[in-house]
Every structure is written in C-alpha cells, then in structure tokens.
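Reader: I am new to this structure. Can you show me how to read it, one feature at a time?

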Amino acid sequence: GSGLEPGGAVRVEVRQSTTPFAEAYVHTTSKKVIRRTAHEAYVPSKAGMDPDDGLAATPLLRIRITLFDNGTAVGVLVQHAITDIEGIVAFMRAWSRCARGGDISPRQDRWAPASTIEEEAPERWAPSEKPPEFVGVAQKIRTEDCCVLPLPASTLAALKAAAGESSEPYASTDDVLTARVWRALVVCRLAQLGLPISKAGTTCCLRAANVRQVLGLSKDYAGNATTDICTELPAKELLGARVGAVAGKLRADLLATRTPDRVQARGAFFRGAQKMRQRIRKRFDENSLTFIMSSWSAEWDAVDFGSGPPVALDHGAIAPVVCVFVRRPRGDGVNVYVSLPRHLLGTFSESVF
C-alpha cells in the first residue's frame, strides 16, 4: 500500500549500451538455466523500493530505457501493490500506442470495495512484522539459478489429455499444469531439504487469480487486480493423487473464491489494513512448502512501438517460493520459471511429466 498518497515518485532514465543486442536477451530465448539476476542490467535500481519501507514517498514506478546499436530494452520496476503483470502489459501497450500516434484517452476504470461490505482476510494473509516462516531453511533453498521449462502448446495439450477426467465438471489446461508443477515443486523441495515425505506435513499452493472480469473491469485496467486462491493438501496426499483430481480441487477452490462478494470483501480487508498502517503479508511454513504460482497470460508480444512485437520478455519474479508461467510468443504455450539449482532441473522436468 505504499506510495498511494501524494509524494510517490515516478522516474525514467535512458542510457546507452555497447553490449550486442542479441547478447542482452539470449538467456530468455535459448537457455534452460539462467542466472537469477540476468535481467538486472536492464532494469532500474531497486534501492529505495525493495524492500518496500511502507512510506507514502516510496517510488511507485521506475523505468530504464537501454539503447543498443540495433535494438532497445525497456526495463520496468513497479510496486506490486499497485499493479500486476496484466497491468504492466496494459501500460506498455498504451505507451506503444502513443508512440505510434494512437489514442490513449484516459479511461474511467477505477475500483474500490463498497463501503458497507464486511471485510474478509484471504487465507494465509495476516498482520505481521516477523520474517517469513521459512527463514530457518532459507540458506538451503536459496540459489542463483533459475530453471526454465519450455512447454509449447502441443505439449500442454498432451499433458492435459494425460490427466484424464477431473473430479469437477471442468478443469482447464492451466489447472492441470498447476497441479503438475505443484507436485514437482514439492518433490524438489523435499530433495533440497533432505526431508522424508513422512515429515513434510501440509503443502500449500497460493495461486494468483485475475479478477478483472469479476469486478467488471476492462482488460486494459492498469491497477492490481489479482487475489490469492489457497489450496492446501498433505504433501503425501498430493504426491499420491491423480493429476486430474488435484486439478479438480484447484478449480473448485478457484470457483469458490473468485466471486464478486468475496473479492469485494478481500478488497475491504486490505483497504482497512492500509488505513490502519498495518503491515500485511502472506504466511508461509517452516519447510517452505507454500508456493506462490502465477500464470502470466498477458499478450506481451502485442506491445508494438512501431518495429513489430518485442523479441523477448524477461522478468525478475524469481524467488524460491515463486513459480511463474509466462506466455510464449504468439501464444504457443508457456515457459515455466522456477528458482531451483541446475542439478534439479531434470528432477523438476520428470516430475512435471
């Protein structure tokens, strides 16, 4: 909630680079393991923004434009409290439309929870000044590597078909992929910790869900319009269950949570916490078996400054408790990004399949 009062700053910087343009993005297009910090040369400094100090004057947005001999990189650093990947891509589409002389008339998309609605705290969210619960295993799970698993549309279709029927009337391809990746993450985490499945306890999938449609907002709404969908299972049960059954549970939790009333109630909770200056954060677990999973389906390749679509999308959402599915060019499936040491890429891939 920082920076939402007068005083929040926006900054843009432009610089030249002698690095060959292709070298600047090759890690996003042809490598299975990249460095966690590979993108940082082309984004603004995080100083004063991360960690968020919660002050009204904390910058909301910084942009670094890097000019190469035959290309340009646009790096965006933004507070997640105010936007999400859909909002960032909407902002970039509007910016590129303006660059081409198109119309970017101000939209009237604004949303706030109704003042009369009762507050509801999302599962796994609570006021806290303490460090994350997994601090005791942080050194064991930290890595400078990021593994990328490419899944073209044809592969996704095969994974969906192999899952069979779910326990619900319908489970999407994203539900099935989330179920498979969740299981793979648990397998890899147990390997990292040397923890037997009998002592693993409960694992949790905190799935980011877009709520624009639920709230009647357009796809170009540039604010943060996501909420967590919490699904919990004993780790042993998750690893022993059919993929279709897990996908069905993920779908059921999504349908039960992503409703207008519940989203409004959650908005009221965060609004109240902001007014009271409370620090609200997700609750994890001591074995770091709570995973944030986010599917980035935003059409980033629709951004066009006049020279056609971008050659690549890079991102910094790389942390031991985060897994991101990023839309591949032309909608040909997704790339799965996960913070794991390179020696576990094979284990992760085998567990997904």
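Author: Start with pairing. Two strands pair if DSSP finds at least two bridges between them. Note that this model is predicted.

Reader: In what sense do β2 and β6 pair?

Author: Strand β2 (residues 33-35) and β6 pair in the antiparallel sense, over 3 bridges. Arg35 stands opposite Asp145 in β6. Strand β12 (residues 334-338) also runs antiparallel to β6, with 5 bridges joining them. There, Leu151 has Val334 as its bridge partner.

Reader: How many residues of strand β6 are buried?

Author: Buried means under 20% relative accessible area. In β6 (residues 145-151), 6 of the 7 residues are buried, so the strand is largely enclosed by the rest of the structure.

Reader: How should I read a salt bridge?

Author: Side chains of opposite charge can pair when their charged atoms come close. The whole structure has 23 salt bridges. One of them joins Asp84 and Arg212, at 2.8 Å, N to O. Asp84 lies in the loop between β4 and α2, and Arg212 in the loop between β7 and β8, so the pair ties together parts 128 residues apart in sequence.

Reader: Is Asp84 buried or exposed?

Author: Asp84 is buried, with a relative accessible area of 4%. Arg212 is buried too, at 3%.

Reader: Which residue forms a salt bridge with Asp145?

Author: Arg342 does, with the closest N and O atoms 3.8 Å apart. Arg342 is in the loop between β12 and α9 and Asp145 in strand β6, so this pair ties together parts 197 residues apart in sequence. Arg342 counts as exposed, at 51%, whereas Asp145 is buried, at 9%.

Key: Residues are numbered from 1 along each chain as its sequence is written. This is a predicted model: local features need pLDDT of at least 70, side-chain atom pairs count only at pLDDT 80 or more; totals for chains, interfaces and linings use all residues. Side-chain values use heavy atoms; hydrogens and water are left out. Buried means under 20% relative accessible area, exposed over 50%, partly exposed in between (1.4 Å probe, protein chains only). Helices (H or I, at least four residues) and strands (E, at least two) are DSSP runs, numbered from the N terminus. A salt bridge is a side-chain nitrogen of Lys or Arg within 4 Å of a carboxyl oxygen of Asp or Glu.
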